[in-house]
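Hi everyone, thanks for making time for this one. I have a single chain to show you, so let me put it on the screen and then walk you through it.

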Amino acid sequence: MLILYGHFFERLTVPVLMALYTYVTFAKLRVGKLFCVVWEVMLIGGLISVAMEQDFANILYYIKLMAYGINMVILLKLWQIIENDLDTKKAKLRARDEDFVKIKHL
């Protein structure tokens with residue numbers, strides 16, 4: 001029984017560690033969209049793997065499914081944050097270029 005619980009906790013640590021890694025990486029390096037796509041594909045694979053276990057009697061099964069689902073939602077939100085940052089940078093560059101053109105024509 002202890003071995004089974006150890007196995008479940010080991011499988012539960014994967015999405016938790018992925019979430020922590022994503023947070024730290026985003027906070028320090030400002031990751032791109034490719035990072036989100038790769039992690040999302042890995043999370044989908046992990047979710048399918050966990051779902052195929054079909055251990056409906058164990059509470060850790062549901063916790064693992066929820067952890068993968070929450071990570072997927074967080075990555076989608078991270079994708080939106082990256083999009084908003086890119087749009088903000090583009091707007092700033094566009095405004096700077098317009099100011100440069102105005103100054104040049106004076």
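So, what we have here is a predicted model, and the secondary structure of the protein chain comes to three helices and zero strands. Reading along the sequence, you get the pattern α-α-α.

Let's start with the overall outline. Along the principal axes, the C-alpha atoms fill a box of roughly 80 × 20 × 15 Å. The radius of gyration is 21 Å, whereas a compact globule of 106 residues would be near 13 Å. Of those 106 residues, 25% count as buried. The chain exposes about 8,000 Å², and 71% of that is supplied by carbon and sulfur atoms. As for contacts between residues at least 6 apart in sequence, 71% join residues at least 24 apart.

Now to helix α1. It has 28 residues and reaches 39 Å from its first C-alpha to its last, close to the 40 Å expected at 1.5 Å a residue. Which residues of α1 are buried? They are F8, R11, L12, P15, M18, T22, T25 and F26. Just after α1, please notice R30, with a positive phi of about 55 degrees.

Let me stay with F26 for a moment, in helix α1, which covers residues 2-29. F26 counts as buried because its relative accessible area is 14%, and the cut-off for buried is under 20%. Leaving aside residues up to four places away in sequence, what does F26 touch? Its contacts are V31, L78, I81 and I82. Take I82 from that list: F26 and I82 are 56 residues apart in sequence, and their C-alpha atoms are 9.7 Å apart in space.

Over to helix α3, where N71 has its place. Is N71 buried or exposed? N71 is buried, since its relative accessible area is 7%. Again setting aside residues up to four places away in sequence, N71 touches P15, V16, A19 and L43.

Y62 belongs to a nonpolar surface patch of about 700 Å², together with F56, I59, I63, M66, I70 and I74.

That's my tour, and I'm happy to go back to any part of it.

Methods
Residues numbered from 1 in each chain as written. Predicted model: local features only at pLDDT ≥ 70, side-chain atom pairs only at ≥ 80, totals over all residues. Heavy atoms only, no water. Helix = DSSP H or I, 4+ residues; strand = E, 2+ residues; numbered from the N terminus. Buried < 20%, exposed > 50% of the residue type's maximum accessible area, 1.4 Å probe, protein only. Contact = heavy atoms within 4.5 Å. Patch = residues over 30% accessible without salt bridge, like charges linked within 9 Å, V, L, I, M, F, W, Y side chains within 5 Å. Areas by Shrake-Rupley, 256 points an atom, 1.4 Å probe, with all protein chains shown as cover. Salt bridge = Lys/Arg side-chain N within 4 Å of Asp/Glu carboxyl O. Expected span 1.5 Å × (residues − 1). Rg over C-alpha atoms; globule rule 2.2 N^0.38 Å.
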